[in-house]
Amino acid sequence: MAIRTLEIERFCVKASKPFEAVVAALKAGVGRLDLVEFTKTSRSASSFSELEIFIGRNLGATGLMLFVELDHGAVLRKETGLDKPKMVRFLIGNPLIMKEMAKHAPDAGSYAPVTVLVDERADGVHLSYDRMASLLAPYGNPDALEVARNLDSKVEDLLRQAAA
């Protein structure tokens, strides 16, 4: 049994525009993935090229796609009966980027797709993300870290644009 300690860097940006506008801007920057179709295609594709084409059709302008959207705020609001807090967790990524990281550091599969949290607070709407490079740094693979840093750049640009 092995336990590894990770030091995580969290990227956060704050937006002054309404929660719904931030969420819409974030979604506009990523493609949509039908998980059922992705599962079918990843199993039935006769070649890697066929799978790449399917993935490419589902990517947004950022080269990323939305896998899952979880409305954590809905759960929190049920307890209080209020219309706040608003909080959504997005799982965003690109299977081809994950593949490149996992080739060099298999544990990268534990961290991809990445989580982006959008939550409304008294001082504005916060967009937060744990940097992939910080998650993979302890594994010491420079190739995986290069891919992770490029992913971090894509995600952080997306969050900045959504907050602007």
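1. Basis of the note. The model is predicted, so that local features need pLDDT of at least 70, side-chain atom pairs count only at pLDDT 80 or more, and totals for chains, interfaces and linings use all residues. Residues are numbered from 1 along each chain as its sequence is written, and side-chain values use heavy atoms, with hydrogens and water left out.

2. The largest core. A nonpolar core is a set of buried Ala, Val, Leu, Ile, Met, Phe, Trp, Tyr and Cys residues joined through side-chain atoms within 4.5 Å; buried means under 20% relative accessible area, exposed over 50%, and partly exposed in between (1.4 Å probe, protein chains only). The largest such core has 39 residues, and Met101, Val118 and Met132 have the most contacts inside it. Among the elements that each supply at least two of its residues are strand S1 (10-15), helix H1 (19-28) and strand S5 (114-121). Helix H7 contributes the most, with 10 residues. Helices (H or I, at least four residues) and strands (E, at least two) are DSSP runs, numbered from the N terminus.

3. Val114. This residue lies in strand S5 and counts as buried at 3% relative accessibility. Leaving aside residues up to four places away in sequence, Val114 touches Phe90, Leu91, Ile92, Tyr129, Met132, Leu151 and Val155, where contact means heavy atoms within 4.5 Å.

4. The aromatic pair. The structure holds 1 aromatic pair. Phe38 and Phe54 form this pair, which is stacked, at 6.3 Å centre to centre and 25° between the planes. Rings of Phe, Tyr and Trp (its six-membered ring) pair if their centres lie within 6.5 Å; planes under 30 degrees apart count as stacked, over 60 as edge-to-face and the rest as tilted. Phe38 is in helix H2 (residues 35-44) and Phe54 in helix H3, 16 residues apart. Phe38 is buried, with a relative accessible area of 17%, and Phe54 is buried at 8%.

5. Helices H3 and H5. Phe48, Glu52 and Ile55 in H3 meet Pro95, Leu96 and Lys99 in H5. By class, this contact has 4 nonpolar, no polar and 2 charged residues (Ala, Val, Leu, Ile, Met, Phe, Trp, Tyr, Cys and Pro count as nonpolar, Asp, Glu, Lys and Arg as charged, and the others, Gly among them, as polar).
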